[in-house]
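Me: I would like to go through this structure with you, a few residues and helices at a time. Could we begin with the terms?

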Amino acid sequence: MQKYIEMASSLASSSTVLWILFLTIATLHLSSARKLSGSDPQLQFQYHRGPLLKGKISVNLIWYGKFKPSQKAIVADFITSLSSPKPVTAQPSVATWWKATDKYYKNSSPKLALSLGTTQILDENYSLGKSLTNNQILKLASKGPQRNAINIVLTSADVAVEGFCSSRCGTHGSSVGARVNGKRYKLAYIWVGNSETQCPGQCAWPFHQPIYGPQNPPLVAPNNNVGLDGMLINVASLLAGTVTNPFGNGYFQGPKEAPLEAGSACTGVYGKGAYPGYAGNLLLDPTTGASYNANGVNGRKYLLPALVDPETSACSTLV
């Protein structure tokens with residue numbers, strides 16, 4: 001800590017940009033160090049005694065705006081890969097990555113089992129316009145199943161969403177759903193935007209150079225689509241956060257108003273040796289030169305974030 005105090009003194013009279021850059025890197029370094037060492041009780045990753053998602057849960061995709069079939073397949077194949085009945089022989093796999101969430105369910109029954117929903121909702125005509133509020137995102141999410149479901153709203157590159165790029169790349173939340181057989185259930189939902197043309201430096205790293213921090217060359221996206229591969233990282237992180245902290249009182253670290261969850265507590269970590277500006281030691285596709293750390297169905301390759309191991313509060317990587 002003393003090292004950063006001394007650096008802060010020397011930078012205090014420098015430009016605002018340098019100061020913000022210093023704070024960003026120092027905060028990442030210090031929060032990571034505290035988290036892994038467990039030296040600060042307020043930063044420990046812990047369970048807050050709320051319910052987790054359990055049993056058979058369908059993951060339903062709601063596409064808002066224009067998406068190509070090839071783009072939709074990238075996300076659909078990822079969801080299928082989480083618990084695919086088809087064996088994926090190549091390791092490490094998406095299913096192995098997702099199995100890390102089992103540690104959150106050690107004493108729970110029934111176990112969580114995700115599957116791709118049978119119906120995908122398409123809204124290619126922008127029924128709510130091209131600038132959406134949080135309430136409109138919830139309205140779109142509510143078009144999917146209301147029970148035993150996670151509804152994921154995916155907005156296209158030409159759609160602006162409240163807070164998108166300025167403060168977030170996506171989010172997850174919950175709401176009281178419609179009545180099903182006379183009973184109301186809580187609806188869990190996720191929203192992620194395609195940042196390719198709006199803010200790839202914020203939401204598609206490491207496939208695009210960041211807008212601040214170390215300017216290392218961007219990695220080649222495993223599905224050759226910066227926007228969708230970037231979305232996939234955020235979908236994966238938020239999906240882990242949704243099942244382990246669906247209603248704001250599950251597993252997380254820090255204040256409830258701005259929690260660090262199973263995936264978001266490990267932002268920027270994809271392989272061993274990661275540090276700010278460096279994603280870690282990853283696998284390399286010899287044909288395409290793409291970086292990845294997980295294999296999926298249909299020959300897919302993905303780059304997935306590290307997840308917090310609840311037993312150690314450390315970020316656990318596949319590679």
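Reply: Contact means heavy atoms within 4.5 Å. Please keep in mind that this is a predicted model.

Me: Understood. Leaving aside its neighbours within four places in sequence, which residues is V220 in contact with?
Reply: Beyond those neighbours, V220 is in contact with F207, T288, G289, A290 and S291.

Me: Where does V220 lie?
Reply: V220 belongs to the loop between α6 (200-203) and α7.

Me: How accessible is V220?
Reply: Its relative accessible area is 39%. Buried means under 20% and exposed over 50%, so V220 is partly exposed.

Me: On to the helices. What span should α3 have, and how far apart are its ends?
Reply: Helix α3 covers residues 69-82. At 1.5 Å a residue, its 14 residues should span 20 Å, and the end C-alpha atoms are 20 Å apart, which agrees.

Me: And how far does α7 reach?
Reply: From first C-alpha to last, the 19 residues of α7 reach 28 Å, close to the 27 Å expected at 1.5 Å a residue.

Me: At what angle do α3 and α7 pack?
Reply: The angle is about 30°, with the axes 10 Å apart. That makes α3 roughly parallel to α7, because angles under 35 degrees count as roughly parallel. The crossing of α3 past α7 is right-handed.

Me: Which residues make that contact?
Reply: From α3 they are Q71, I74, V75, F78, I79 and L82, and from α7 they are L228, L232, V235, A236 and L239. By class, the contact has 10 nonpolar residues, one polar and no charged ones.

Me: A change of topic: where is Y47 placed, and what is its relative accessibility?
Reply: Y47 is in strand β1 (residues 46-47). At 37% relative accessibility, Y47 counts as partly exposed.

Me: What is Y47 in contact with, leaving aside neighbours within four places in sequence?
Reply: Y47 is in contact with L52, N249, G250 and Y251. Y47 and T244 are 197 residues apart in sequence, yet 9.2 Å apart in space, C-alpha to C-alpha.

Notes: Residues are numbered from 1 along each chain as its sequence is written. This is a predicted model: local features need pLDDT of at least 70, side-chain atom pairs count only at pLDDT 80 or more; totals for chains, interfaces and linings use all residues. Side-chain values use heavy atoms; hydrogens and water are left out. Helices (H or I, at least four residues) and strands (E, at least two) are DSSP runs, numbered from the N terminus. The expected span of a helix is 1.5 Å times one less than its number of residues. Axes are lines fitted to C-alpha atoms, for helices over the stretch in contact, and angles run from 0 to 180 degrees between N-to-C directions. Angles under 35 degrees count as roughly parallel, over 145 as roughly antiparallel, 65 to 115 as roughly perpendicular and the rest as oblique. A crossing is left-handed if the near helix is turned anticlockwise from the far one by less than a right angle, and right-handed if clockwise. Ala, Val, Leu, Ile, Met, Phe, Trp, Tyr, Cys and Pro count as nonpolar, Asp, Glu, Lys and Arg as charged, and the others, Gly among them, as polar. Buried means under 20% relative accessible area, exposed over 50%, partly exposed in between (1.4 Å probe, protein chains only).
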